[in-house]
Amino acid sequence: MSVSTCRSRPAPRREADENAVPPPDAGGLDAADRAIVLATQAGLPLVPDPWGAVGREVGLSGEAVLERMQAMQERGVIRRVAAVPNHYRLGYVANGMTVWDVDDAEVERLGREVAAIEGVSHCYRRPRHLPHWPYNLFAMLHGRSREEVEHQAAVLRERLGEACRDHRILYSSRILKKTGLRLSRRAGQA
């Protein structure tokens, strides 16, 4: 599991509370939140109770860790908590970003349908950059061979029907990044 962080936004103003935590550092994190981010930035422990394991590491209950993670997500400090598989290690060595030129009037509906197809790990709409880049729907496919990815792309092409004018498959040649923002162990250093 991975915790993805992004630049923090100012936290909403809250009324004083007897359980208030110390003021945040320059990154918008108090000491407990910073400890949680440091403990989880390389991934959550793969145990039945990951929140409890992190809590034991940082001196909080598992419930408190989960509540703080949810609050950081609401404030925009943490973008998401998600599994980040290494497709190559799982044998999926043919990874292709399929790009589609889909009728703008249909792209939202069709994008939801494509995202629900087994084998699609990412699916999103992007702006066109005409005249050089007409593609507005992107869907990442993973296969054990290029033939498998091409078969999956054919399934997507059929699903898109008449709304699809063109597509390409852009194959991955290497992994560039599989991590989010990392905090320094020293307070105030990012």
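This is a predicted model: local features need pLDDT of at least 70, side-chain atom pairs count only at pLDDT 80 or more; totals for chains, interfaces and linings use all residues.

User: With which residue does Glu113 form a salt bridge?

Analyst: The general idea is that side chains of opposite charge can pair when their charged atoms come close. Here Glu113 forms a salt bridge with Arg109, and the closest N and O atoms are 2.9 Å apart. The two residues are four apart in helix 4, so about one helical turn separates them. Arg109 is partly exposed, with a relative accessible area of 41%. The side chain of Arg109 also meets that of Glu106 in a salt bridge, at 2.4 Å from N to O. Glu106 is partly exposed as well, with a relative accessible area of 26%.

User: Which salt bridge links distant parts of the chain?

Analyst: Here one compares the positions of the two partners in the sequence. The side chains of Glu108 and Arg125 meet in a salt bridge of 3.1 Å, N to O. This pair links distant parts of the chain, since Glu108 lies in helix 4 (residues 107-115) and Arg125 in strand 4 (residues 120-125), 17 residues apart. Glu108 has a relative accessible area of 45% and is partly exposed; Arg125, at 40%, is also partly exposed.

User: Which residues are linked with Glu108 and Arg125 in a network of salt bridges?

Analyst: The network links Asp101, Asp104, Glu108, Arg125, Arg128 and Arg165. A search of the whole structure finds eleven salt bridges.

User: How many disulfides are there?

Analyst: The test is a distance: two cysteine sulfur atoms must lie within 2.5 Å. By this rule the count is zero. The accessibility of individual cysteines can still be read. Cys123, at 23% relative accessibility, counts as partly exposed, whereas Cys164, at 5%, counts as buried.

User: What is the pattern of secondary structure along the sequence?

Analyst: The protein chain has five helices and six strands. Read along the sequence, their pattern is β-α-α-α-β-β-α-β-β-α-β. Two totals complete this overview. Of the 190 residues of the protein chain, 34% count as buried. Among contacts with a separation of 6 or more, residues 24 or more positions apart account for 67%.

User: At what angle do helix 2 and helix 3 pack?

Analyst: One reads the angle between the two axes together with the distance between them. Helix 2 (residues 50-58) and helix 3 (residues 62-75) pack at an angle of about 100°, with their axes 7 Å apart. That angle makes helix 2 roughly perpendicular to helix 3. The contact is made by Trp51, Gly52, Val54, Gly55 and Val58 of helix 2, together with Gly62, Val65, Leu66 and Met69 of helix 3. By class, this contact has six nonpolar, three polar and no charged residues.

User: Which residues of helix 2 are buried, and against what do they pack?

Analyst: In helix 2, Pro50, Gly52, Val54 and Gly55 are buried. The buried residues of helix 2 pack against helix 1 (31-40) and helix 3. Just after helix 2, Gly59 takes a positive phi of about 80°.

User: What are the surroundings of Gln152, and is Gln152 buried or exposed?

Analyst: Gln152 is found in helix 5 (residues 146-160). Its relative accessibility is 15%, so Gln152 counts as buried. Leaving aside its neighbours within four places in sequence, Gln152 is in contact with Leu141 and His142.

Technical notes: Residues are numbered from 1 along each chain as its sequence is written. Side-chain values use heavy atoms; hydrogens and water are left out. Buried means under 20% relative accessible area, exposed over 50%, partly exposed in between (1.4 Å probe, protein chains only). Axes are lines fitted to C-alpha atoms, for helices over the stretch in contact, and angles run from 0 to 180 degrees between N-to-C directions. Angles under 35 degrees count as roughly parallel, over 145 as roughly antiparallel, 65 to 115 as roughly perpendicular and the rest as oblique. Contact means heavy atoms within 4.5 Å. Ala, Val, Leu, Ile, Met, Phe, Trp, Tyr, Cys and Pro count as nonpolar, Asp, Glu, Lys and Arg as charged, and the others, Gly among them, as polar. A salt bridge is a side-chain nitrogen of Lys or Arg within 4 Å of a carboxyl oxygen of Asp or Glu.
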